[in-house]
Amino acid sequence: MSKKADGKSDDHGREAPKSRPLRADAQRNTDALLAAALAVFATSGVDAPVREIAVKAGVGVGTVYRHFPQRSDLIVAVFRHQVDGCADAAPILAAEYAPGEALALWMQRYADFIATKRGLATALHSGNPAFNTLPTYFDKRLSPALRALLDAAARAGEVRTDIEPDDLLRAVASLCMSAHDDRTDYAHRMVALLVDGLRYTASPSVNTPSERESVGSDLNTTPTDRPDRL
């Protein structure tokens with residue numbers, strides 16, 4: 001009998017296959033590429049030379065193409081990475097801060113995401129079918145993240161209970177997109193004022209917003225028509 005992956009043998013004289021761990025350097029290269037691409041897209045646009053991205057990431061051009069054969073592959077990966085980072089921040093903030101503060105901090109985090117999305121705007125609105133799934137991905141990840149924060153803040157009596165996540169996502173996006181001269185400080189101040197407005201008529205309640213009928217949802221609005229969408 002031959003050895004198994006754990007040093008033992010199987011019953012048929014064959015060596016059991018060993019699982020191959022994910023290479024840490026490959027993951028570092030991917031993370032560096034996504035961060036570099038985001039920075040380059042923000043300053044030079046999505047048509048910037050691949051070499052510029054490679055240099056900023058500290059890798060060779062071949063590494064870029066090995067991970068992302070098409071430019072659209074890289075753009076999609078950058079967008080999804082940013083969405084994931086924003087969504088994943090919600091439970092972390094909820095665990096570290098009071099509900100109202102966690103919500104306020106996440107809203108600022110989302111405002112930063114909207115700012116980074118500007119660098120991708122040209123490609124995302126190009127009509128390339130490679131980007132067709134991104135609006136759905138946006139909704140799937142960000143709406144539940146914000147819903148959880150809103151529900152917790154409403155239960156704590158820190159915000160009003162008639163707020164829908166999609167309405168709030170659109171409102172923040174509108175404020176950030178109208179910020180003159182791409183001033184992030186202005187956008188952050190406007191988002192802070194919006195969050196303050198959520199506290200108007202707030203009172204403790206045993207019912208969370210998710211337990212009431214959806215209010216003010218625009219069922220006839222398609223994702224591409226909404227300012228927080230692609």
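Predicted model: local features only at pLDDT ≥ 70, side-chain atom pairs only at ≥ 80, totals over all residues.
Just past the end of helix 2, Gly58 adopts a positive phi of about 75°.

Val50, Ile53, Ala54 and Ala57 are its buried residues. Looking down the axis of helix 2, these buried residues sit within an arc of 100°, so they line one face of the helix. The general rule behind such a pattern is that an α-helix has 3.6 residues a turn, so residues three or four places apart point the same way. On the face turned away from the buried side, Arg51, Val55 and Lys56 are exposed.

Zooming out, the protein chain has 9 helices and 0 strands. Buried residues account for 37% of its 230 residues. Of the contacts between residues at least 6 apart in sequence, 69% link residues at least 24 apart.

Now for the core. The largest nonpolar core holds 61 residues, and the ones touching the most other members are Phe41, Leu103, Trp106, Met107, Tyr110, Phe113 and Leu142.

What does Trp106 touch, not counting residues up to four places away in sequence? Its partners are Cys86, Ala89, Ala90, Leu93, Leu142, Ala145, Leu146, Leu149 and Leu169.

Two of those partners, Leu142 and Leu146, turn up again where helix 7 meets helix 8, as does Leu169. Helix 7 (residues 134-155) packs against helix 8 (residues 165-177) at an angle of about 105°, the axes being 9 Å apart. That makes the two helices roughly perpendicular. From helix 7, Phe138, Leu142, Ser143, Leu146, Arg147 and Leu150 take part, and they meet Pro165, Asp166, Leu168 and Leu169 of helix 8. By type, the residues of this contact split into 7 nonpolar, 1 polar and 2 charged.

One last stop is Gln108, in helix 5. Is Gln108 buried or exposed? With a relative accessible area of 17%, Gln108 is buried, because the cut-off for buried is under 20%. Leaving aside neighbours within four places in sequence, Gln108 contacts His188, Val191 and Ala192.

Conventions:
Residues numbered from 1 in each chain as written. Heavy atoms only, no water. Axes fitted to C-alpha atoms, helices over the stretch in contact; angles between N-to-C directions. Helix = DSSP H or I, 4+ residues; strand = E, 2+ residues; numbered from the N terminus. Parallel < 35°, antiparallel > 145°, perpendicular 65-115°, else oblique. Contact = heavy atoms within 4.5 Å. Nonpolar A, V, L, I, M, F, W, Y, C, P; charged D, E, K, R; others polar. Core = buried A, V, L, I, M, F, W, Y, C linked by side-chain atoms within 4.5 Å. Buried < 20%, exposed > 50% of the residue type's maximum accessible area, 1.4 Å probe, protein only. Arc of directions from axis to C-beta.
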